[in-house]
Amino acid sequence: MGEREEQGGGRASPSPTAHLSLPHPEPHRAIVLVVGVLATVAFVVLRCVVALGGHDPLATDVWWHGLMVATLTDAGVVVAWVPAIVGGTAGVIVAGIVMVAIFWGRRRRWDAATLATAIVVVVAIGAPMAAVIARVRPEDSLAERVATSFPSGHTAVATTIAVTLGLLLRRRYVWLLGALWVLGMMWSRTYLHAHWLSDVVAGMLEGVAVATLVWSAMQAYRVRRAMASPARGG
């Protein structure tokens, strides 16, 4: 009788692997969220400092720009164009599609959605923000000819992708390579005189804010959706 109840009429025991289908809250999500908020605040503060200065270059901008001019070489310009081209509109579209497709193909669809969302968000807010702030880029720019420069879109996108991949893959070498890529992009944009130093710093802060806040939101939504699924099914 007891055996029949256990196998048939009794309440079925939960599968020992059933809990594996539900994503657990990321233990560092609170820290990531705090980083995102702090990056947002820092961006706003820098934006206010630039506005109070009449959108003119800051003292550190003038110093760094002078250093980039003094160290300018033909070989350096060639090297600086590499991240500028790779991190440009076409490069970002191709790289974004490839990375999202890799995550999707490996059945990491939430990761694919997170990366795609972060890229779309940073691109969607970058150009309108630069147009509204309307800070003029250096007159001797060797790259961009569009007048507005704050924040650096190249740096914002590079940082967004680097931080998002770091959060998704959680490998030290990913963080290291991402940091080198972002620093290289910041140097490239100022070496080509396309941006002031504060422009690329603002772009980096924007990228950190977008990546961390989008990742946190996607994690929260994923857990809430998974927790609600058994309730709807039962």
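Four aromatic pairs are present in this structure; a pair here means that ring centres of Phe, Tyr or Trp (its six-membered ring) lie within 6.5 Å, with planes under 30 degrees apart called stacked, over 60 edge-to-face, and the rest tilted. One of them joins Trp-63 and Trp-64, a tilted pair at 5.7 Å centre to centre and 55° between the planes.

Before going on, the basis. This is a predicted model, where local features need pLDDT of at least 70, side-chain atom pairs count only at pLDDT 80 or more, and totals for chains, interfaces and linings use all residues. Residues are numbered from 1 along each chain as its sequence is written, and side-chain values use heavy atoms, with hydrogens and water left out.

Back to the pair. Trp-63 is exposed, at 54% relative accessible area, while Trp-64 is partly exposed, at 21%. The classes are buried under 20%, exposed over 50% and partly exposed in between, with a 1.4 Å probe and protein chains only.

Next, the cavity. A cavity is a set of points on a 1 Å grid over the protein atoms alone where a 1.4 Å probe fits but cannot get out; lining residues have an atom within 4 Å of a point. Grid points are joined across faces, edges and corners, and the volume is the space filled by probe spheres set on them.

The whole-structure search gives one cavity of 30 Å³ or more. Helix H6 (109-133) and helix H9 (197-233) are the elements giving two or more residues to its lining, and H9 gives the most, with four. Helices are DSSP runs (H or I, at least four residues), numbered from the N terminus.

Conventions. 1 Å grid on protein atoms, 1.4 Å probe; cavity = no way out; pocket = protein on both sides within 12 Å on 5 of 7 lines; lining within 4 Å.
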